[in-house]
Amino acid sequence: MGTRALKFMSFYRPYLGLLSIDLFCAFIVSAITLILPLCVRHITQNLLGAGVADPIGDIAVMAGIMLALVAGQTLCGLFVDYQGHMMGAMMESDMRRELFAHYQKLSFSFYDEQKTGQLMSRITNDLFAISELAHHGPEDLFLGIVKFVGVFLITLSINPAMSLIVIAFLPFMLLFSLHFNRKMNRAMRLSKERVAEVNAQVEDSLAGIRVAQSFANEDWERAKFAEANARFVESRRLEYKSEGFFYGGMEAFTQLMTVVVVVFGAAAITRSALDLSDLITFLLYVGILIEPIRRLVNFARWYQEGITGFNRFMDIIETPPAIQDPAPAYEPARVRGELELDRVSFGYLADYGSVLRDLSLKIAVGEYVALVGASGVGKTTLSNLIARFYEVDAGRICLDGVDIREYSLRALRRNIGAVDQDVYLFGATVSDNIRYGKPAATAEEIVAAAKQAYAHDFIMELPQGYETEIGQRGIKLSAGQRQRLSIARLFLKDPPLIILDEATSALDNESERAVQQSLERLIENRSTLVIAHRLSTIRNADRILVLTPAGICEQGSHEELLENDGVYAGLYDLQLAR
């Protein structure tokens, strides 16, 4: 058994008791289905004939037995349908939990190559197909085999010749079923891929709805969606066409078998080779025989669809995070904040060359260092490397003298706080977003953090104060308000090392002043690296580094760099001229 098969079977482990009861109840349902036609045969053959002293009484007894059997079948069927589906849903939930946890571990480099809609399709549509396989797979296979073997043995004991006539249809039905089942499976796989494309298109369009509307390109977005949607409908057309041929053909085989049984049975009755009760019994079993065939075909269908989904699930699960904890990992509760880059080189893709080359710098404990330079020289890349969102290609980055690759990721990132230009806030309340910096924080700690970030006053002016829902990405707030909430979040986290990545470059002057005031309080007594766009905001930096594609070309205080009349002075004069 392959590794993936063993992985799939492992999800049954917590539910083996439920699975055993489910299959037992399914067996009872099948057994009663096979017994009921024999009860009918007994009534028509033995109780309705001449010489029975009290046929009504005997019939009443048989009726009571049959009603009891039907009641037992119904109860077992309810258990199979309800608890069996719940078992599949719980297995689906376990897989979804594992997949989501794995998503959290995967590195930025993985998400750089993926579409969010595709990833969401794997955790929703694909796992639903796996749930159906987990439930219907064992059940349909078990019931199909039990009923098929049972019908064959019972009909063979009643009339071997008639039984063989019925069995002769089965190879043709099987070939027909397999042919159209393959077509359905191909169509289902295509449909799954197409719906993932639709999800990706919807996610992309909704995320950029403001851009689309600002450019008045709604018609273009509708056209792109219509194309993806039409491709999905075409895949569904192929799927439903195959289903129509399959189920229509199976119904035709059923009716044909019924006709053949009636014709041959009637001929046998005229020759006294078969009595009427046996013919009725055969007709009942012909109806039953179709169900196991359908179940076995459905099993093949669920198997194909479920395994396709499971393979897509495993493709993600088997993708190792590019960045993982070392063994053993260094896990200090809190670092001092001394940062050193020693001859660091890095490139996102080999074909595009290095973004940073042989870069070295050092930030002392509590030092305020600013990094400036033209766009594309690797300033933001540097902040991502320090938090180990990407791995350096050469050199090393040390925190308190220890290579960051020796830290556990949790310990490293717990000691680093970042404020970016593009602030991400969750679609929750103000309080929930601030609490993200410290999930166990009390209401008093949240308010204190907001006050430190100069956010308390505007929060209290919101409709529900700290319990105001701010919308996806905090869209109900201004850019400056969102930025101050992100700073409050960091006050609550209280990291010793702060990285500010052009945190005020997208703000207007008034918002920038408010946020700058918050930032100045935040960086007090902390090691700070500021990636600056507006040079006026870093005049008070202890040291300013000027980064170019060749590395750090200048460093010093604001006044020293202006006196040198170099690259920094040129950038500063350019901003003053604007």
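Mentor: Helix H7 (residues 160-207) supplies the largest share of the positive patch, four residues. This is a predicted model, in which local features need pLDDT of at least 70 and side-chain atom pairs count only at pLDDT 80 or more, while totals for chains, interfaces and linings use all residues. Residues are numbered from 1 along each chain as its sequence is written, and side-chain values use heavy atoms, with hydrogens and water left out.

Trainee: Which residues form the positive surface patch?

Mentor: A patch is made of residues with over 30% relative accessible area and no salt bridge, like charges being joined within 9 Å. Here the members are Arg-182, Lys-183, Arg-186, Arg-189 and Lys-241. Lys-183 lies in helix H7 and is partly exposed at 34% relative accessibility. The classes are buried (under 20% relative accessible area), exposed (over 50%) and partly exposed in between, with a 1.4 Å probe and protein chains only. Helices are DSSP runs of H or I with at least four residues, and strands are runs of E with at least two.

Trainee: What is the order of the strands in the open sheet?

Mentor: Strands of a sheet pair through backbone hydrogen bonds, either parallel or antiparallel. Two strands count as paired if DSSP finds at least two bridges between them. In this model, four strands form an open sheet in the order S2-S1-S4-S5, with antiparallel pairing. Strand S2 (356-363) and strand S5 (402-403) are the edge strands, each pairing on one side only. Strand S1 (residues 339-346) is joined to S2 by five bridges, and Glu-340 has Lys-362 in S2 as its bridge partner.

Trainee: How many salt bridges are found in the whole structure?

Mentor: A salt bridge is a side-chain nitrogen of Lys or Arg within 4 Å of a carboxyl oxygen of Asp or Glu. The search finds 20. One of them joins Glu-318 and Arg-4 at 2.8 Å, N to O. Glu-318 is in the loop between helix H10 (276-317) and S1, and Arg-4 is in helix H1 (residues 3-10), so the pair ties together parts 314 residues apart in sequence. Arg-4 and Glu-318 also belong to a salt-bridge network with Asp-315.

Trainee: Is helix H11 (residues 379-386) mostly covered or mostly open?

Mentor: H11 is mostly covered, with seven of its eight residues buried; among them are Leu-382 and Ile-386. Arg-388, which follows H11, has a positive phi near 60 degrees. Arg-388 is buried at 5% relative accessibility, and its side chain meets that of Glu-391 in a salt bridge (2.8 Å, N to O).

Notes
Patches are made of residues with over 30% relative accessible area and no salt bridge: like charges are joined within 9 Å, nonpolar side chains (Val, Leu, Ile, Met, Phe, Trp, Tyr) within 5 Å. Accessible areas come from the Shrake-Rupley method with a 1.4 Å probe; for residues, only the protein chains shown count as cover. Lys and Arg count as positive and Asp and Glu as negative; His and the chain ends are not counted. The place of a charge is taken as NZ of Lys, CZ of Arg, CG of Asp or CD of Glu.
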